[in-house]
Amino acid sequence: EVVFGHFASYYDAVRARDEALRYGFQGTQIALDGCLRLKVALPGVPTIEVGHEVIEEAHSVGLEPTLEQSS
């Protein structure tokens, strides 16, 4: 999955999710991560190669996501 960030605040997570959605990353969601923080992520990325393409696209609009294996 492409992760746009981990947050302690619901407000910050919503803001990050809304920004990703505004730039066209449809399906971006908020969920709990393994450390009980809020994770803003685009799940369902089928391959690492596709994940890297999504990250490149995100970088082009100023976002800085990471690629993580979903749990």
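Predicted model: local features only at pLDDT ≥ 70, side-chain atom pairs only at ≥ 80, totals over all residues.
## Fold

The protein contains two helices and four strands. Read from the N terminus, their order is β-α-β-β-α-β. The radius of gyration is 11 Å, close to the 11 Å given by the globule rule for 71 residues, so the protein is as compact as a globular protein of that length.

Along the principal axes, the C-alpha atoms of the protein occupy a box of roughly 30 × 25 × 15 Å. Among contacts in the protein with a separation of 6 or more, 57% are between residues 24 or more positions apart.

## Burial, surface and charge

Buried residues make up 35% of the 71 in the protein.

The protein carries 5 positive and 11 negative side chains. A distance of 10 Å separates the centres of the two sets.

## Residue T28

The relative accessibility of T28 is 5%, and the cut-off for buried is under 20%, so T28 counts as buried.

A polar atom of the T28 side chain lies 2.6 Å from the backbone oxygen of F25. Leaving aside residues up to four places away in sequence, T28 touches F4, R17, A20, L21, V40, A41 and L42.

Technical notes. Residues numbered from 1 in each chain as written. Heavy atoms only, no water. Rg over C-alpha atoms; globule rule 2.2 N^0.38 Å. Buried < 20%, exposed > 50% of the residue type's maximum accessible area, 1.4 Å probe, protein only. Contact = heavy atoms within 4.5 Å. Lys, Arg positive; Asp, Glu negative; His and termini not counted. Charge placed at Lys NZ, Arg CZ, Asp CG, Glu CD. Polar contact = N/O pair within 3.5 Å; in protein donor to acceptor, adjacent residues only side chain to side chain.
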